[in-house]
Amino acid sequence: MSNVSTVWLIIAAGICVIAFALVMNSSLAGITQIVVLTVLGVAALVFFALMVMKATGR
């Protein structure tokens, strides 16, 4: 995963954050919303962590 461009990591993280905001504003409710928000939140955190790892050179 270290050969992934930083631009693609930024785009992927941005998409996850935008999708997270759209789900928060949607009519989804209950367990469906919880699952979708959890998946999107974890994905966004992973992409941000990969960007930090790439920036620090690890």
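**Exercise 1. Determine where Gln33 lies and whether Gln33 is buried or exposed.**

Solution. Gln33 belongs to helix α2, where helices (H or I, at least four residues) are DSSP runs numbered from the N terminus. The structure is a predicted model, in which local features need pLDDT of at least 70 and side-chain atom pairs count only at pLDDT 80 or more, while totals for chains, interfaces and linings use all residues. Residues are numbered from 1 along each chain as its sequence is written, and side-chain values use heavy atoms, with hydrogens and water left out.

The next step is the relative accessible area of Gln33, which is 18%. Buried means under 20% relative accessible area, exposed over 50%, and partly exposed in between (1.4 Å probe, protein chains only). Gln33 is therefore buried.

Finally, consider the contacts, defined as heavy atoms within 4.5 Å. Leaving aside residues up to four places away in sequence, Gln33 touches Val23, Met24 and Leu28.

**Exercise 2. Compare the span of helix α2 with the expected span.**

Solution. Helix α2 covers residues 31-56, which gives 26 residues. After the helix comes Gly57, whose phi is positive, near 80°.

**Exercise 3. Classify Val46 and Ala55 by accessibility.**

Solution. Val46 is placed in helix α2. With a relative accessible area of 42%, Val46 is partly exposed. The C-alpha atoms of Val46 and Leu9 are separated by 9.6 Å, although the two residues are 37 residues apart along the chain.

Ala55 is also placed in helix α2. Its relative accessibility is 69%, so Ala55 counts as exposed.

The buried residues of α2, by contrast, are Gln33, Leu37, Leu40, Ala44, Phe47, Leu50 and Met51. These buried residues pack against α1 (6-24).

**Exercise 4. Describe how α1 and α2 pack.**

Solution. Two packed helices are described by the angle between their axes and the distance between the axes. Axes are lines fitted to C-alpha atoms, for helices over the stretch in contact, and angles run from 0 to 180 degrees between N-to-C directions. For α1 and α2 the angle is about 155° and the axes are 9 Å apart. The two helices are therefore roughly antiparallel, a term for angles over 145 degrees.

The residues making this contact include Leu9, Cys16 and Phe20 of α1 and Leu40, Phe47 and Lys54 of α2. By type, the residues of the contact divide into 19 nonpolar, three polar and one charged. Here Ala, Val, Leu, Ile, Met, Phe, Trp, Tyr, Cys and Pro count as nonpolar, Asp, Glu, Lys and Arg as charged, and the others, Gly among them, as polar.

**Exercise 5. State which residues Cys16 touches.**

Solution. Cys16 lies in helix α1 and is buried, at a relative accessible area of 9%. Not counting residues up to four places away in sequence, Cys16 touches Leu40, Ala43, Ala44 and Phe47.

Conventions. Expected span 1.5 Å × (residues − 1). Parallel < 35°, antiparallel > 145°, perpendicular 65-115°, else oblique.
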